[in-house]
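Here are my notes on the model. Please read them with the structure open.

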Amino acid sequence: MARRSAPLLRRLLSSPPPLPGHGGGGARRTVTYMPRPGDGTPRPVTLIPGDGIGPLVTGAVQQVMEAMHAPLYFESYDVHGNMPAVPPAVIDSIRRNKVCLKGGLATPVGGGVSSLNMQLRKELDLYASLVNCANVPGLPTRHKNVDIVVIRENTEGEYSGLEHEVVPGVVESLKVITKFCSERIAKYAFEYAYLNNRKKVTAVHKANIMKLADGLFLESCREIAAKYPSIEYNEIIVDNCCMQLVSKPEQFDVMVTPNLYGNLVANTAAGLVGGTGVMPGGNVGQDHAIFEQGASAGNVGNDNLVEQQRANPVALLLSSAMMLRHLQFPSFADRLETAVKRVVEEGRYRTKDLGGDSTTQEVTDAVIANLA
Amino acid sequence: MALRRLLQGSVLPRMMGRSVGASFSTEAGETIRATLFPGDGIGPEIAESVKQVFKVAGVPIEWEEHYVGTEVDPRTESFLTWESLESVRRNKVGLKGPMATPIGKGHRSLNLTLRKELGLYANVRPCNSLPGYKTRYDDVNLVTIRENTEGEYSGLEHQVVRGVVESLKIITRQASLRVAEYAFHYAKTNGRERVSAIHKANIMRKTDGLFLKCCREVAEKYPEIIYEEVIIDNCCMTLVKNPGTFDVLVMPNLYGDIISDLCAGLIGGLGLTPSCNIGEGGICLAEAVHGSAPDISGKNLANPTALMLSAVMMLRHLQFNDQAERIHNAILQTIAEGKYRTADLGGKSSTSDYTKAVCDHI
């Protein structure tokens, strides 16, 4: 008992200034979280370190979780992007544990192998991908007041994988949009906005050209929007959306998109606030969730970073905080998030992408030292 | 270096072998006929600005003005008349203001009509930060080249069963080679060092794969130009973090649409972005890509910069390099000085005051 209250007391006495921003990172809580009996039992989580910088950043998460004595333990599996398929044991483990933390899997360009990331999403029906792009306090960027959540349909659209050569030199690719998938992603987006006190949902589309396909997507969004009168709903064409993102990003709140546009919008938004090294995210379906770096563009395969052990663990640490909250360990989530944000804000230990020259380990140690 | 290239501007190369029918002569005394579509809304005002500037700079161009009709022309299935299209085909060169397609059925969109009828296969947009006009990005100096005829914009869509819709993306070897060829040709004639092909071939292996294959084939013919391939999501992120890393970008239709607008956003919006469409047989149709802004039309408030810069691209295409240079510098100087700026750039000047300032700088 004494051991548990000591850090609490210390925190109350020193009372660091609460961090601004969403999620209420360091705010002192006035009402405690009352768990159900047994909620403190350690929970198994499937871990896929993956390729490239993956093992480095998942290693950082493991260390921090251990230092916090977080009530979870990892079942680690070796999966690599060049495998023909995700091993069944991994899928079974995720089905059992419901929650997975993933480092990142390389996707070979133009090879015969299909993307393992996509296989995981399809197999577990993780239909929503979520990236949270918000300014991290203390990190200088070109844009201020950015706090965007991109919710992307993850299973169909341009990523259907249906392609064929009609005659030599002419290739067709099918974009498939269904009412079912459009409706459930719209539902998820509005539910997310509602549960997180977000005020606006913006649907991104190109229905002026793809009248039927993106038209169906919009129609579904409008139907769901009608059920949430307290949340503002608007629509924006994808090219204009990207232009607005780079000039006035503060106008956006929650964005809901078909597959490909979401990929682009999320990466653009991530670029605005510091890049993929700091953006948390994950994929979620009815029964399972995989947490990973929010936007992964070009990050997995950076051999240089791996060699020098200088990959940025911040994104995956923040994703892990999302995971802790998802597992209903809110206080652990807050502590982790506060510690990570404090390290970034202090600025002494930052990796190269944030203008510093620290190694992954140095950042991880700093986070552990800042745990309240 | 970058500034010098900016001031020199860009030469729009005509494709070799395609411009047989379009032999331009720039000898003194000869006038060139060009088609002008002033367009709707603010179009006529900003077109007037261009005419004034051309007059002051002594550009020997005679405009053939064409307006969008009030009735659908059955020969084009659009409000654009056959005569207008013939005019562009004959002159091989044109300038177009913003056009608003009237809502309704039974006719094609105006832009689509132009694209299809004139075979405009490549859209070229140079994006340069304007010296003196502060945005969050001041190191942008890139050119986007977009395939304009196929890809996701094929218009082929159908409902498979209720609630399931398919849309076809078509990539052909012919169209991909054509746009790649133009991109490398452009890079070479404009002293650019690098061409980046933007794709998503890790997911769309066959379609985007074919596009990449064509780009690689063309790249081999231009060993002096560096060729690289960038996945579109990574491209988006790099553009907003560090746009200075890109030079010439070539891409399929949808990606081009998105990236070119994103780049326009970097330098201050569509009101400052010139654009030019390259068509079969050496046609060059320069255009302002912004909207017709009906809310400020007729109020002498519109910003004519985009149309002026597009007109400069047209002049370079005609190899009126001297006049193009002078007009371009005059525009840059006027904006850099900041005394005469229109409302969208945070100034108070009217269209005519701004135009006069540009004319004075020539």
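1. H9(B) and H10(B) are roughly antiparallel, because their angle is over 145 degrees. The model is predicted; local features need pLDDT of at least 70, side-chain atom pairs count only at pLDDT 80 or more, and totals for chains, interfaces and linings use all residues. Residues are numbered from 1 along each chain as its sequence is written, chains are lettered from A and ligands numbered from 1 in the order written, and side-chain values use heavy atoms, leaving out hydrogens and water.

2. H9 covers residues 305-317 of chain B, and H10 covers residues 321-337 of chain B. They pack at about 160°, with axes 8 Å apart. Axes are lines fitted to C-alpha atoms over the stretch in contact, and angles run from 0 to 180 degrees between N-to-C directions.

3. Which residues of H9(B) and H10(B) make the contact? H9(B) gives Thr305(B), Met308(B), Leu309(B), Val312(B), Leu315(B) and Arg316(B). H10(B) gives several, including Ala324(B), Ile327(B), His328(B) and Ile331(B). Contact means heavy atoms within 4.5 Å.

4. The contact residues divide into 8 nonpolar, 4 polar and 2 charged. Nonpolar is Ala, Val, Leu, Ile, Met, Phe, Trp, Tyr, Cys and Pro; charged is Asp, Glu, Lys and Arg; the others, Gly among them, are polar.

5. Chain B has 11 helices and 12 strands. These are DSSP runs: helices are H or I, at least four residues, and strands are E, at least two, numbered from the N terminus.

6. Of the 362 residues in chain B, 60% are buried, meaning under 20% relative accessible area with a 1.4 Å probe, protein chains only. The C-alpha trace spans about 55 × 50 × 40 Å along its principal axes.

Definitions and conventions: Parallel < 35°, antiparallel > 145°, perpendicular 65-115°, else oblique. Buried < 20%, exposed > 50% of the residue type's maximum accessible area, 1.4 Å probe, protein only.
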